[in-house]
Amino acid sequence: MEVNFHLPGLRQNFPLNMLFVNFLETQPEFFREGVKIGQYNTIYDIQDYCTYISPDEIWEKYVPMGFRNFKLEGRTGNPFNLVETYCHYMIRPERQGKARLLLLNSLAANKVLTWNYMKPKKWIPE
């Protein structure tokens, strides 16, 4: 049996939460069998849960019933999972690829995501 734990406020509690994630990866013998920390829950993982509600169910079933607020799993995870989850629920399926690219480019342009590029070195023949 697998038990999932969502670590709330990943951004605010980043050092503590990352410590637990690292602890689970490096010292699994300390944890109960089947423990999985919520950071690993991607949109593709939660689709297998009995509690998963698809975007179609939201618009066709729950919105007509009067529901207007929905908690998105993974909203405090890493930016790539966040973009994927937001695209899954809020972007039309035929436009998700382009929206994903625009969102990631915007995150990079605003220095939310950064990369350390290798600096070219002068080639010295042996």
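Helix axes are lines fitted to C-alpha atoms over the stretch in contact, and angles run from 0 to 180 degrees between N-to-C directions. Helices (H or I, at least four residues) and strands (E, at least two) are DSSP runs, numbered from the N terminus. The model is predicted: local features need pLDDT of at least 70, side-chain atom pairs count only at pLDDT 80 or more, and totals for chains, interfaces and linings use all residues. Residues are numbered from 1 along each chain as its sequence is written, and side-chain values use heavy atoms, with hydrogens and water left out.

The protein contains five helices and two strands. From the N terminus, the elements follow the order β-α-β-α-α-α-α. Confidence is given as pLDDT, the predictor's confidence in each residue, from 0 to 100. The mean pLDDT of the protein is 76. A value of 70 or more is reached by 73% of its residues. Strand β1 (residues 3–5) has the lowest confidence, at a mean of 48. Helix α3 (residues 55–62) has the highest, at 90.

The protein has 126 residues, and 25% of them count as buried. Contact means heavy atoms within 4.5 Å. Among contacts in the protein with a separation of 6 or more, 51% join residues 24 or more positions apart.

Helix α4 (residues 79–90) packs against helix α5 (residues 96–109) as follows. The axes of α4 and α5 come within 10 Å. They cross at roughly 145°. The crossing of α4 past α5 is right-handed. A crossing counts as left-handed if the near helix is turned anticlockwise from the far one by less than a right angle, and as right-handed if clockwise. On the α4 side, the contact involves P79, F80, V83, E84, C87 and H88. On the α5 side, Q96, A99, R100, L103, L104 and L107 take part. By class, this contact has eight nonpolar, two polar and two charged residues. Here Ala, Val, Leu, Ile, Met, Phe, Trp, Tyr, Cys and Pro count as nonpolar; Asp, Glu, Lys and Arg are charged; the others, Gly among them, are polar.

C87 lies in helix α4. C87 counts as buried because its relative accessibility is 0%. Beyond its neighbours within four places in sequence, C87 contacts Q96, A99, R100 and L103. C87 and K98 are eleven residues apart in sequence, and their C-alpha atoms are 9.9 Å apart.

E84 also belongs to helix α4. Its relative accessible area is 16%, so E84 is buried. With neighbours within four places in sequence left aside, E84 touches I43, Y44 and R100.

H88 is likewise placed in helix α4. H88 has 17% relative accessibility and therefore counts as buried. Its contacts, leaving aside neighbours within four places in sequence, are I43, Q47, Y52, P55 and Q96. H88 and P55 are 33 residues apart in sequence. Their C-alpha atoms lie 7.5 Å apart in space.

D56 is located in helix α3. With a relative accessible area of 51%, D56 is exposed. D56 and Y89 are 33 residues apart along the chain, with 8.9 Å between their C-alpha atoms.

Aromatic pairs were searched for across the whole structure, and one was found. The pair is formed by Y62 and F67 and is edge-to-face, at 5.6 Å centre to centre with 75° between the planes. Rings of Phe, Tyr and Trp (its six-membered ring) pair if their centres lie within 6.5 Å; planes under 30 degrees apart count as stacked, over 60 as edge-to-face and the rest as tilted. F67 counts as partly exposed because its relative accessibility is 40%.

Note on methods. Buried < 20%, exposed > 50% of the residue type's maximum accessible area, 1.4 Å probe, protein only.
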